[in-house]
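Q: Got a new fold on my screen and I'd like to talk it through. Start with whatever I need for the strands.

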Amino acid sequence: MRTVDFYFDFMSPFAYLAAHRLRELAARYEGKAKFVCHPIDLIAARFKAGNTGPFNRDQPAKMKALMMDLRRWAKRYGIPIGFPKGLETARLNRGYFYAMQQGKGADYMKAGFAAVWAESGNPADEGLIRQVASKAGLSPEKLLAATESPEVLREYEKENNEAQARGVFGVPIFMVDDQIYWGNDRIEFLEEYLEGAPAKH
């Protein structure tokens with residue numbers, strides 16, 4: 001069985017769109033591919049890869065086109081899209097590790113992206129993280145404590161180091177075998193590969 005690694009950061013609207021497809025993809029390719037999710041620091045990955053240019057939000061013309069594109073994709077998927085009140089996602093990202101340990105990773109990811117991008121929340125707000133934990137069926141207190149624990153801080157650092165070493169330069173990125181699929185709009189190519197490429201042993 002193949003492993004498809006999915007790299008995301010809750011600050012990315014295109015990762016929000018791609019994450020919306022994950023359950024469908026996992027169900028469709030059950031027995032053929034296993035999807036493994038990796039929360040990372042998008043900005044750190046960008047800088048490590050040498051992309052030190054201006055952010056999208058600092059380029060008005062690009063942001064105008066980007067928001068149009070986001071609304072088109074959201075309409076296609078039938079999901080709401082807004083813009084968050086902040087983009088500091090490190091603690092929300094780290095909460096994913098605790099959710100995974102409790103068998104609630106998929107629920108946490110769905111609730112986290114919805115809170116940030118569907119409901120235009122502030123990912124750094126402790127109240128938002130509590131709400132996300134509750135919606136995922138987790139204890140808010142235990143999750144918040146875990147996000148600041150030495151174990152989870154080390155795990156997040158390790159995840160980032162390994163992603164950067166592998167060449168992850170942005171999100172969302174899917175990696176399988178030697179193939180890299182960057183962006184929500186590359187999912188069709190990923191599906192074609194999973195359908196037609198011979199498995200490597």
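A: Helices (H or I, at least four residues) and strands (E, at least two) are DSSP runs, numbered from the N terminus. This is a predicted model, where local features need pLDDT of at least 70 and side-chain atom pairs count only at pLDDT 80 or more, while totals for chains, interfaces and linings use all residues. Residues are numbered from 1 along each chain as its sequence is written, and side-chain values use heavy atoms, with hydrogens and water left out.

Q: OK, how do β3 and β4 pair?

A: They run antiparallel, with 4 bridges between them. The hairpin they make has 2 residues between the strands, and Asp177 takes a positive phi near 55° in it.

Q: Which way do β1 and β2 run?

A: Parallel, joined by 7 bridges. Tyr7 has His38 in β2 as its bridge partner. β1 also pairs with β3, antiparallel and over 3 bridges, and Phe6 stands opposite Phe174 in β3.

Q: What about the two faces of β3?

A: Both are covered: Ile173 and Met175 are buried on one side, Phe174 and Val176 on the other.

Q: Moving on to helices. Which residues of α10 are buried?

A: In α10 (residues 187-196), they are Ile187, Leu190, Glu191, Tyr193 and Leu194. Looking down the axis, they fall within an arc of 160°, so they line one face of the helix; the arc is taken over the directions from the helix axis to the C-beta atoms. On the other side, Glu188, Glu192, Glu195 and Gly196 are exposed.

Q: What covers the buried residues of α10?

A: The cover includes β1, α1 (13-20), α2 (22-28), β2, β3 (173-176) and β4. Contact here is heavy atoms within 4.5 Å.

Q: How many residues does α9 have?

A: 17, reaching 24 Å from the first C-alpha to the last, close to the 24 Å expected at 1.5 Å a residue (the expected span is 1.5 Å times one less than the number of residues). Val152, Tyr156, Glu159, Asn160 and Ala163 are buried in α9. They take up an arc of only 95° around the axis, which puts them on the same side of α9. Glu151, Arg154 and Ala165 are exposed on the other side.

Q: What do the buried residues of α9 pack against?

A: β1 (2-8), β2 (33-39), α5 (90-101) and α8.

Q: Where is Ser149?

A: In the loop between α8 (140-147) and α9 (150-166). Ser149 counts as buried because its relative accessible area is 15%. A polar atom of its side chain lies 3.2 Å from the backbone nitrogen of Val152. For a polar contact you need a pair of N or O atoms within 3.5 Å; within protein, one must be able to donate a hydrogen and the other to accept it, and residues adjacent in sequence count only if both atoms are side-chain atoms.

Q: What comes after α9?

A: Gly167, with a positive phi near 95°. In the loop between α9 and β3 you also find Pro172, and the peptide bond from Val171 to Pro172 is cis, with omega near -5°.

Q: Last one: what does Val132 touch?

A: Leu92, Tyr108, Ala111, Gly112 and Ala115, not counting residues up to four places away in sequence. Val132 is in α7 (residues 126-135) and counts as buried because its relative accessibility is 1%.

How values were computed:
Buried < 20%, exposed > 50% of the residue type's maximum accessible area, 1.4 Å probe, protein only. Pairing = 2+ DSSP bridges.
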